[in-house]
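Here is a short briefing to read alongside the model. Take a look at the structure first, and then follow the points below by topic.

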Amino acid sequence: MHEFRIGYSDTAWISSILLAMLYGTGPLCSVCVNRFGCRPVMLAGGLLASLGMVAASFCRSVIQLYLTAGVLTGLGLALNFQPSLIMLNRYFNKRRPMANGLAAAGSPVFLCALSPLGQLLQDQYGWRGGFLILGGLLLNCCVCAALMRPLEAPAGSAPASGPQRPSRRLLDLSVFRDRGFVVYAAAASVMVLGLFVPPVFVVSYAKDLGVPDTRAAFLLTVLGLVDIFARPAAGFVTGLPKVRPYSVYLFSFAMFFNGFTDLTGSTASDYGGLVVFCIFFGISYGMVGALQFEVLMAIVGTQKFSSAIGLVLLLEAIAVLIGPPSGGKLLDATHVYQYVFILAGTEVLAASLVLVLGNFFCIRRRPAAAVEGEHKPPADGGVDSREVEHFLKAEPEKNGEVAHTPETSV
């Protein structure tokens, strides 16, 4: 802001473009994963993300920052983010909610570390040196990609007899025929309008109240610390047998909790109030982070998840591109941070209502016997004992459509 003499809204476009690339390139990532596999796509993504941040450190205008830190790094992170979720869905079934929660906890771990580290880098090396160092750190995405070992068929398994299953489409648009998917996509698109706004502005909010820079940056560390424990806890609760069939409603409650926290956070008038806000926001934000893709996996099933997540992220990209800049415009016009938090909370609350009402009124109730039958293990005792291979083979397609899991019914 000081070097390029720009306002809050112009600065917010950097993170918005990055998030829009992360979300908007979802179909491209789906096609790449279905064509080349998770590991090569993630390796390419790590290189692009690093290159974007390194190039951003040499930028001479905010437009160049939009193209490097926004577009290039955003594309690289997208090529890491989506394949990691797809691989998680392929590796786990029974313990998938817990796996989702643990995997999602990686974000708050580094949020805690990078918030004070970012302030330190800026103080010691300036924002340019900080971007250069962060670009080097992003090369570790390539190390993570190397660990994404493709699944192999069980040893000694014979080729399946009979007609061969048709090859997987590079982008399966049939998910739009699933009403559960449509309701989820609509709710998620509304949710991301306001979900990322408070973390973007809470540090500036504290500085506006007269809080020193270091203490203000510590707010994100508080948020991240709470988030670390909230995500695995939410995954553990969702994985309980009596809770898992109602994961959609738990996700709706998480969004409601998050929106309500934003509204109450708008009343904070001192540093202590913002710390309390970050604690409760971290809990609700962690619940949303642990549940959002677990619910999508439950709705569409394993075979269509790689296409479904790409399409959902594309729909969310428009909202992500609008959210933080609209908050910045509102702040530039009013200079009142409370209005920004009220707007964000209202949007997330609206998303929770869309999800719960859409599931209650738009998705047909299914017979209890059919639901119970889907949880029973196959009668054939010849299934391989390893959980991964069992998961890949345990959900046969019916008339070309993947059978829905109990989590999609109400």
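Arg179 is found in helix H8, where helices and strands are DSSP runs numbered from the N terminus (H or I with at least four residues for helices, E with at least two for strands). With a relative accessible area of 44%, Arg179 is partly exposed; buried means under 20% relative accessible area, exposed means over 50%, and partly exposed is in between, using a 1.4 Å probe and protein chains only. From Arg179 to Ile299 the C-alpha distance is 9.6 Å, and the two are 120 residues apart in sequence.

A word on the source: this is a predicted model in which local features need pLDDT of at least 70 and side-chain atom pairs count only at pLDDT 80 or more, while totals for chains, interfaces and linings use all residues. Residues are numbered from 1 along each chain as its sequence is written, and side-chain values use heavy atoms, with hydrogens and water left out.

**The protein overall**

- The protein has 16 helices and two strands.
- Of its 410 residues, 49% count as buried.
- Take the contacts (heavy atoms within 4.5 Å) between residues at least 6 apart in sequence: 86% of them join residues at least 24 apart.

**Helix H8 against helix H11**

- Helix H8 covers residues 179-195 and helix H11 covers residues 247-265; their axes come within 11 Å and cross at roughly 20 degrees. Such axes are lines fitted to C-alpha atoms, for helices over the stretch in contact, with angles from 0 to 180 degrees between N-to-C directions.
- H8 and H11 are therefore roughly parallel to each other, given that angles under 35 degrees count as roughly parallel, over 145 as roughly antiparallel, 65 to 115 as roughly perpendicular and the rest as oblique.
- The crossing of H8 with H11 is left-handed; that term applies if the near helix is turned anticlockwise from the far one by less than a right angle, and right-handed applies if clockwise.
- On the H8 side, Tyr184, Met191, Gly194 and Leu195 meet Phe251, Met255, Asn258 and Asp262 in H11.
- Sorted by class, the residues of the contact of H8 with H11 are five nonpolar, two polar and one charged. Here Ala, Val, Leu, Ile, Met, Phe, Trp, Tyr, Cys and Pro count as nonpolar, Asp, Glu, Lys and Arg as charged, and the others, Gly among them, as polar.

**Helix H2 against helix H4**

- Helix H2 (residues 26-36) packs with helix H4 (residues 62-91) at an angle of about 55 degrees, and their axes are 9 Å apart.
- H2 and H4 are therefore oblique to each other, and their crossing is right-handed.
- H2 brings Gly26, Leu28, Cys29, Ser30, Val33 and Asn34 to the contact, while H4 brings Leu75, Ala78, Leu79, Gln82, Pro83, Ile86 and Arg90.
- The contact of H2 with H4 has eight nonpolar residues, four polar and one charged.

**Buried residues in helices**

- Gly26 sits in helix H2 and is buried, with a relative accessible area of 0%.
- The C-alpha atoms of Gly26 and Gly310 are separated by 3.6 Å, although the two are 284 residues apart along the chain. Not counting residues up to four places away in sequence, Gly26 touches Gln82, Gly310 and Leu313.
- Asn100 belongs to helix H5 (residues 96-104) and is buried at a relative accessible area of 5%. Leaving aside neighbours within four places in sequence, Asn100 is in contact with Leu88, Ala290, Glu294 and Met297.
- Ala217 is placed in helix H10 (residues 213-238) and is buried, with a relative accessible area of 6%.
- Between Ala217 and Val202 the C-alpha distance is 8.9 Å, and they are 15 residues apart in sequence. Beyond neighbours within four places in sequence, Ala217 is in contact with Ser115, Gln119 and Val203.

**Positive phi outside glycine**

- Arg5 has a positive phi of about 55 degrees although it is not a glycine. Arg5 lies in the segment before helix H1 (8-24) and counts as exposed at 80% relative accessibility.
- His335, also not a glycine, has a positive phi of about 60 degrees. His335 is in the loop between helix H13 (302-334) and helix H14 (337-362), and at 59% relative accessibility it counts as exposed.
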